[in-house]
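Here is a short briefing on one protein chain.

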Amino acid sequence: MSGLLGKLFGTGPGGKGGGKGPSPQEAIQRLRDTEEMLSKKQECTSYINPALFCASSAALQALKRKKRYEKQLAQIDGTLSTIEFQREALENANTNTEVLKNMGFAAKAMKAAHDNM
């Protein structure tokens with residue numbers, strides 16, 4: 001069993017332990033392989049009615065997938081809100097800078113006008 005775990009996680013024989021970590025593509029593929037293996041094992045070790053098992057398993061997986069997608073959408077919404085906040089803050093800072101420059105310019109003009117009186 002430890003040989004299988006070593007292969008899955010890159011720490012045993014056949015793995016790349018010790019050196020640079022696996023690439024994201026390698027990790028994704030290993031996770032897919034593991035998921036497939038566990039799904040097959042789950043099907044093989046079920047002692048309940050196969051038709052009922054497949055229907056309930058598929059429904060449960062669909063619900064889990066839906067929850068994952070909802071969580072991803074919430075994360076995306078949060079990220080978009082943060083980006084929008086940062087953009088608005090930068091736009092406001094830029095506007096404030098321009099206003100201050102123009103006010104400084106106007107103050108200099110007023111001083112020059114008063115000096116000429």
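Helices (H or I, at least four residues) and strands (E, at least two) are DSSP runs, numbered from the N terminus. By that rule the protein chain has three helices and zero strands. The model is predicted: local features need pLDDT of at least 70, side-chain atom pairs count only at pLDDT 80 or more, and totals for chains, interfaces and linings use all residues. Residues are numbered from 1 along each chain as its sequence is written, and side-chain values use heavy atoms, with hydrogens and water left out.

**Fold elements**
- Read from the N terminus, the elements of the protein chain run α-α-α.
- Helix α3 covers residues 50-115.
- Helix α1 covers residues 2-9.

**Confidence**
- The score here is pLDDT, the predictor's confidence in each residue, from 0 to 100.
- Its mean over the protein chain is 78. Of the residues, 71% reach 70 or more.
- Among the elements, α3 has the highest mean pLDDT, at 87. Helix α1 has the lowest, at 50.
- Over residues 12-16 the pLDDT is below 50. Beyond near neighbours in sequence, this stretch has five contacts in the model (contact means heavy atoms within 4.5 Å).

**Surface and burial**
- Accessible areas come from the Shrake-Rupley method with a 1.4 Å probe; for residues, only the protein chains shown count as cover.
- The protein chain has an accessible surface of about 10,400 Å². Carbon and sulfur atoms account for 62% of that surface.
- Buried means under 20% relative accessible area, exposed over 50%, and partly exposed in between (1.4 Å probe, protein chains only).
- Of the 117 residues in the protein chain, 3% are buried.

**Nonpolar patch**
- Patches are made of residues with over 30% relative accessible area and no salt bridge; like charges are joined within 9 Å, nonpolar side chains (Val, Leu, Ile, Met, Phe, Trp, Tyr) within 5 Å.
- One nonpolar surface patch is made by L73, I76, L80 and I83, with about 390 Å².
- I83 sits in helix α3. Its relative accessibility is 47%, so I83 counts as partly exposed.

**Salt bridges**
- A salt bridge is a side-chain nitrogen of Lys or Arg within 4 Å of a carboxyl oxygen of Asp or Glu. The count comes to three.
- K66 and E70 form one of them, at 3.6 Å from N to O. Both residues lie in helix α3, four residues apart, about one turn of the helix. K66 is partly exposed at 48% relative accessible area. E70 is partly exposed at 42%.
- R87 and E91 form another, with the closest N and O atoms 3.2 Å apart. This pair also lies in helix α3, four residues apart, about one turn of the helix. E91 has a relative accessible area of 41% and is partly exposed. R87 is partly exposed, at 41%.
- E98 and K101 meet in a salt bridge at 3.9 Å, N to O. They lie in helix α3, three residues apart, about one turn of the helix. E98 is partly exposed at 38% relative accessibility, whereas K101 is exposed at 53%.
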